[in-house]
Amino acid sequence: MAVDPEVAIGEDGTVIVIWDCLVVVTQKICYSEKTLSSGSWSAEAPISGLLDCANAWIGIDNTGFAIAVWYQYVQSNSNFSDVFVQMSTKSSGGSWSAVTE
C-alpha cells in the first residue's frame, strides 16, 4: 500500500516518486523513477533502513541529483520513541546512498 507520495522532477528529465510503503510488517520509504524520455518506471524498491519510517520528502536539482529525507521511529501502541531524521542521496543514473541520520 502506498501512502503520502512525493514527486520530484529534475531539469534533466529525471522523475522520482517516493512514498510510505509496507514491506512485510515494517513501514518503509519506497521509490520508483524514470526519465521523461523513457516510458517505463523502475521497479518499486525501499530506500530506508530496518525500522519503521514515514513522512518522506524529496528534492532534485538540475543535474538529477536527488535527496530524500524522512522520519525513522519506534512505535509501541500510540507512543513514538527514538525518532530520528534520516536521509539518502542519489546521483542521476546512480544508486541511493547508505542511510544517514
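The model is a predicted one, in which local features need pLDDT of at least 70 and side-chain atom pairs count only at pLDDT 80 or more, while totals for chains, interfaces and linings use all residues. Residues are numbered from 1 along each chain as its sequence is written, and side-chain values use heavy atoms, with hydrogens and water left out.

Threonine 26 belongs to strand S3, where strands (E, at least two residues), like helices (H or I, at least four), are DSSP runs numbered from the N terminus. Leaving aside residues up to four places away in sequence, threonine 26 touches Cys21, Leu50, Leu51 and Asp52, and such a contact means heavy atoms within 4.5 Å.

One of these neighbours, Cys21, leads on to the cysteines. The structure holds 1 disulfide, a term for a pair of cysteine sulfur atoms within 2.5 Å. Its partners are cysteine 21 and cysteine 30, whose sulfur atoms lie 1.9 Å apart. Because the torsion about their S-S bond is about 55°, the disulfide of cysteine 21 and cysteine 30 is right-handed. Cysteine 21 counts as buried at 3% relative accessibility, and cysteine 30 is buried with a relative accessible area of 1%.

Cysteine 53 is buried, with a relative accessible area of 0%.

The aromatic rings come next. The structure holds 3 aromatic pairs, counted when rings of Phe, Tyr and Trp (its six-membered ring) have centres within 6.5 Å, with planes under 30 degrees apart called stacked, over 60 edge-to-face and the rest tilted. In one of the pairs, the rings of tyrosine 31 and tryptophan 96 have centres 5.5 Å apart and planes at 75°, so this pair is edge-to-face. Since tyrosine 31 lies in strand S3 (residues 26–35) and tryptophan 96 in the segment after strand S7 (79–90), the pair ties together parts that are 65 residues apart in sequence. Both tyrosine 31 and tryptophan 96 are buried.

Tyrosine 73 and phenylalanine 80 form an aromatic pair that is edge-to-face, at 5.3 Å centre to centre and with 65° between the planes. Tyrosine 73 counts as buried, at 10% relative accessibility.

Technical notes
Buried means under 20% relative accessible area, exposed over 50%, partly exposed in between (1.4 Å probe, protein chains only).
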